[in-house]
Amino acid sequence: MVKTVTEAALAVNEKLIIRKNRIKNGSGKKRLSIVTGIHGDELEGQYLAYMVGNYLTENIEYLDGTVDIYPALNPMGIDSITRGIPQFDLDMNRIFPGSKDGTMMEKICAAIIDDIDGSDICVDVHASNIFLKELPQIRISVPTAETLIPYAKMLNVDLIWVHESATVLESTLAHSLNTRGTKTLVVEMGVGMRITKEYGVQLFNGILNLMKKTGMWKGEAEEAREPVISLNREVGFVNSDAAGIFVPCAEFGDHVKKGDHIGDVLDPLTGRVAAEISAVCDGMIFTLREYPIVYGGSLLARILMPSGAEKGADGE
Amino acid sequence: MKKEIIYSLKSPYRESLDVTGFSFGGGKKSLAVVGAMRGNEVQQMYVCSQLIQELKKLERRGEIAKDREILVIPCVNYYSMNIGKRFWAMDNTDINRMFPGYGLGETTQRIADGVFSGLRGYEYGIQLASFYQQGNFLPHVKMMDTGFTDSELMRKFGMQFGIVRTPRPYDTTTLNYNWQVWETKAFSIYTNATDTIDVKSAQSAVEAIMRFMAEEGIITHKVHAGYNTEIIYESSIEQIHSEAAGIFVSMTETGSFVEENDILGKIVNPLDGETESVIKADFAGIVYFEYNTPLINENTVCFKIIKD
């Protein structure tokens, strides 16, 4: 059943409405929330929302509990291909938990948090931006790692990246919900403004597996793949020091050695190679630049280094 | 006056971005002033340009104190200014959300790092700042409350109001916040314009900075007295939210004294012109902020009042 989570009047003859689809069956009390579309240029979660909604509705007899699907927390952003909130120049994922007494968007954020709060698990699906392509991964801050990693492993992703928490990230939806005790997992996959069907299917299988493992799903579910977990591993960042167009020669997911040639920054005006790009460490490329134009500083790739023992064997 | 490139960034298709600084005097790093970090901050750049004019005169007359150096960076992000964008055009990131920066990081992190390297070590720092919120503000000076903030210093600018802001998580990546972390006493000055030039307001900002420099002995030039600054906490400023959406009509202006129940404005239906909401003052005070865009959504801050 489609429900209105919250709404606010826009200037001319229209309301901003945040909607969710509630799918419920059986006597189970567990609730899973799937949210996506905080950033208007990240569309990977749209296909997942469709798949989950469609499959659960078609196979409702296997569901024992409640699944809430929030496909568009920032509907105006999605509608206008705008990452943030159009008109406000604000990143919606920097104003949570919002405020009941605040401005329009603060009130909306507070209402969203209140609505999701109490879910047993929340999965917040992001794509990358338009610049980078990401292997399906879950990002978890260090303080929540112990609680969340067991659930993250059920979601059929390739990587669980446990990272240090920055103060600025305290304003995210996931941080706000985790602080309230609602276990929230942040998925990053694919690239901005596109749908990568295979990743949607991969995460859909993960969602079913998570539901099965937590007692919400009585039907079939594929076992999740074993993700690489970044604990005790370093992430190598490859940033461009030159300006030009980046043309990679390595593939997404490749295992590379430090110093391996992974691409070039080229100068279209002079026809010269502005910089040869090498891997900064051994490991697996889990982020690769998709948008070719680069400045000094543009991120080209992220490489997950092997665990400590393997790194030592390489002499680093 | 010395003109120097504080930070340079190569572009694939344009001339290099050369962030340029103008320094006056010499010796102890006393004051750094930064103007536009966003592409629409034309007024902020203009204030700096006018300050440079004044500092040139002072230097010619020998009125910059001995062993005192002043640095002015009028415009960091002129790349965006030249193409009508507010943030860094390639990825829409805000340089003033990237401090202290990271020299090996993303492009705007590198710009922030390069600029911040040139700004560290000054005793005082002033940023000509602008708001995210659309509207007219009463000109004021602001400090971020980082626990070791001496808000009384704001009196030396002689502006009508000095405002203390309690930082939110997103403030921790601004220039002002990081200046303070690096032990520079940092202020933000807000005039009442951003993407247009208000000459009178810009002149007031220049005078306020000159007054501060005179009070601190950075310049020996005499500057006439300003306001007896009232210091207030930002959290004590009352907000009035719109109770309807439509066309916003203001019936007051910033700086006006209003009494309780005075009508401040109204919201009319954009299609049939019916009045949807009359906005009244809940208490007496000075109008500190006024929304200035014709269309308004529900629950938008349309006025802020400093209580009498």
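A disulfide is a pair of cysteine sulfur atoms within 2.5 Å. Keep that cut-off in mind for the cysteine stop below. This is a predicted model.

**Stop 1: the cysteines**

Select the cysteine sulfurs in every chain. The structure holds 0 disulfides over all chains. Go to C122(A): the nearest cysteine sulfur belongs to C109(A) and is 14 Å away. C122(A) is in no disulfide, because a pair needs its sulfurs within 2.5 Å. C122(A) is buried, and its relative accessible area is 0%. Now jump to C75(B). With a relative accessible area of 9%, C75(B) counts as buried, because the cut-off is 20%.

**Stop 2: the sheet of chain B**

Show chain B as a cartoon. Look for an open sheet of 9 strands with mixed pairing. Trace the strands in this order: β1-β2-β4-β3-β5-β9-β7-β8-β10. The edges are β1(B), residues 2–9, and β10(B), residues 230–233; each of them pairs on one side only. Turn the view along the sheet: from one strand to the next, the twist averages 25°.

Select residues 17–26 of chain B, which form β2(B). β1(B) and β2(B) run antiparallel, joined by 7 bridges. Which residue of β2(B) stands opposite Y7(B)? Pick V19(B): that is the one facing Y7(B).

**Stop 3: the helix across the sheet**

Select residues 107–119 of chain B, helix α3. This helix lies across four strands of chain B: β1, β2, β3 (28–36) and β4 (68–75). Compare directions: α3(B) runs at about 155° to β1(B).

**Stop 4**

Is S11(B) buried or exposed? S11(B) is buried, with a relative accessible area of 12%. Show the contacts of S11(B), leaving out residues up to four places away in sequence. A243(A) and Y295(A) touch S11(B) from chain A, and Y79(B) from chain B.

**Stop 5: the interface**

Bring up chains A and B together. The contact takes 37 residues from chain A and 34 residues from chain B. Between them, the two chains bury about 2800 Å², and 58% of that is on carbon and sulfur atoms. How many salt bridges link chain B and chain A? The count is 2. End on R168(B) and E106(A): their side chains meet in a salt bridge, at 3.5 Å from N to O.

Technical notes. Residues numbered from 1 in each chain as written. Chains lettered and ligands numbered in written order. Predicted model: local features only at pLDDT ≥ 70, side-chain atom pairs only at ≥ 80, totals over all residues. Heavy atoms only, no water. Pairing = 2+ DSSP bridges. Helix = DSSP H or I, 4+ residues; strand = E, 2+ residues; numbered from the N terminus. Axes fitted to C-alpha atoms, helices over the stretch in contact; angles between N-to-C directions. Contact = heavy atoms within 4.5 Å. Buried < 20%, exposed > 50% of the residue type's maximum accessible area, 1.4 Å probe, protein only. Buried area = accessible area lost by both parts, 1.4 Å probe. Salt bridge = Lys/Arg side-chain N within 4 Å of Asp/Glu carboxyl O.
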